[in-house]
Amino acid sequence: MARKITVAAAQVGAVHRDADRKETVDRLVVLLREAAAQKVQIVVFPECTLTTFFPRYLFESQEELDKYFEPGEDVTTSEHVKPLAEEARKHNIDFVLGYAERTTEGTGYNTCIYYSATEGKVCICPGTKEPFEDPDAMNQLEKRYFEPGNLGFQAFRVPGLVSNALKKDSPGADENKAGKGDPILGMLICNDRRWPEAWRGYSLQGVEPIVFGFNTGSNMARLWGSKPMSSEQAEAEALFHSRLVQQAISYMNACFSISSARCGSDDGKFDLIAGSAICNTEGHLLAEAKTKGDEVVVADIDLSECRQGKEKTFDFARHRRIETYALVATQTGVVELPLL
């Protein structure tokens, strides 16, 4: 039985260091309205949507750094994000939002939340720690400003997106039956998308769409450690790898995926790739951004299509050999075999 929903990636173009947060949120509201006009039910905004990607800077002042964070309480009630939540409720659209969170204890997190319009509430780090010596290098100091996430990769069911008729076979039926009920969703943030372990953990919980936002530099040679290349070649390579992991790992886990980019040229010199996309369970792109600016990328997806890969192509229950995967969960770095 088909379980169709309409989803969108809300790509956001350049956000400069001195950008007014209200003006940035106004842009998000415009994107949400565009999605509403296309009957979208879920909108996915990028990582750290509310500000420029500030981990590229070395801040000596805690006060200046804290300006980029939102307080730990419900972000949808803050003066900055409240207008977006109100607009979402008006149009009955759920949204995913990435932002920098400062908890009441003072801890910084790179956070992603899912806001349910029907419920009217929130349902549910890569880089380096020290800056490069080269003053012209683009830093990515996420490990300096954010602590690792502490909630794990916990999937959850999203209420109110599929009709009640699809939630049960009959009164008293098992709501947890495969392919039934409210959609099972998982969230990643930026670099998470490059690690298959995170996707597989979600997939084993029956995830159907996985969503993530990202800020990915178009030329991060010092972080990549890659061979010398032109800025055009570097951008093409970054975009290729972003598409590659989304398409390949969506296929390997028989799930849809929605990615949303913070892109463009921040302050006219920090270039970020675009490439926001919606991918199906076979690894094909259903829709992709055509610009490097604010843009809504929309597609209709049928969650019932997840069953083919989960139960036939891969059939995890029959074919996964967990007794052979010990290294994946017990070892971090590479330990090479001894020389002959």
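**View 1. Strands β4 and β5 pair in the antiparallel sense.** In this predicted model, eight bridges join β4 (residues 94-102) to β5.

View 2. Tyr115 has Val122 as its bridge partner in β6. Four residues separate β5 and β6 in this hairpin. Gly120 in the turn has a positive phi of about 70°.

**View 3. Both faces of β5 are covered.** In a regular strand, side chains alternate between the two faces of the sheet. Gly108, Asn110, Cys112, Tyr114 and Ser116 lie on one side of β5. Tyr109, Thr111, Ile113 and Tyr115 lie on the other. Are these residues buried or exposed? They are all buried. For the strand as a whole (residues 108-116), that is nine of nine.

**View 4. Ring pairs link six residues into a cluster: Phe54, Tyr57, Phe59, Tyr68, Phe69 and Phe270.** The whole structure holds 14 aromatic pairs. One of them joins Tyr57 and Phe270 edge-to-face, with 5.6 Å between the centres and 90° between the planes. Both Tyr57 and Phe270 are buried. Phe69 also has a charged neighbour: Arg102 lies over the face of its ring, 4.0 Å from the centre.

**View 5. Phe212 and Phe214 form a tilted aromatic pair.** Phe212 is buried because its relative accessible area is 1%, under the 20% limit. Phe214 has 0% relative accessibility, so it counts as buried too. The charged end of Arg193 sits over the ring of Phe214, 4.3 Å from its centre.

**View 6. Six strands form an open, mixed sheet.** The order is β7-β8-β9-β10-β13-β14. Which strands stand at the edges? They are β7 (156-157) and β14 (285-288). Each has a single partner strand, so one side of each lacks a neighbour in the sheet. Inside the order, β10 (residues 256-261) and β13 (residues 277-279) pair in the antiparallel sense over three bridges. Ser259 has Ala277 of β13 as its bridge partner. Helix α7 (residues 231-252) lies across β9 (209-214), β10, β13 and β14. The helix runs at about 25° to β13.

**View 7. The largest nonpolar core has 46 residues.** Ile5, Ile42, Tyr114, Leu185, Met187 and Ile210 have the most contacts inside this core. Strand β8 (residues 184-189) gives the most to it, with five residues. What does Leu185 touch, beyond residues up to four places away in sequence? Its contacts are Ile42, Tyr114, Ala155, Phe156, Val158, Val207, Pro209 and Val211. A second, separate core has 27 residues, among them Val12, Val43, Val81 and Ala85.

**View 8. His284 lies in the loop between β13 and β14.** His284 has 51% relative accessibility, so it counts as exposed. Beyond its neighbours within four places in sequence, His284 is in contact with Gln247, Ile278 and Cys279. Gln246 is 38 residues away from His284 in sequence. In space, the two are 9.6 Å apart, C-alpha to C-alpha.

Notes
Residues numbered from 1 in each chain as written. Predicted model: local features only at pLDDT ≥ 70, side-chain atom pairs only at ≥ 80, totals over all residues. Heavy atoms only, no water. Phe/Tyr/Trp six-rings, centres within 6.5 Å; stacked < 30°, edge-to-face > 60°. Buried < 20%, exposed > 50% of the residue type's maximum accessible area, 1.4 Å probe, protein only. Lys NZ or Arg CZ within 6 Å of the ring centre and 35° of its normal. Pairing = 2+ DSSP bridges. Helix = DSSP H or I, 4+ residues; strand = E, 2+ residues; numbered from the N terminus. Contact = heavy atoms within 4.5 Å. Axes fitted to C-alpha atoms, helices over the stretch in contact; angles between N-to-C directions. Core = buried A, V, L, I, M, F, W, Y, C linked by side-chain atoms within 4.5 Å.
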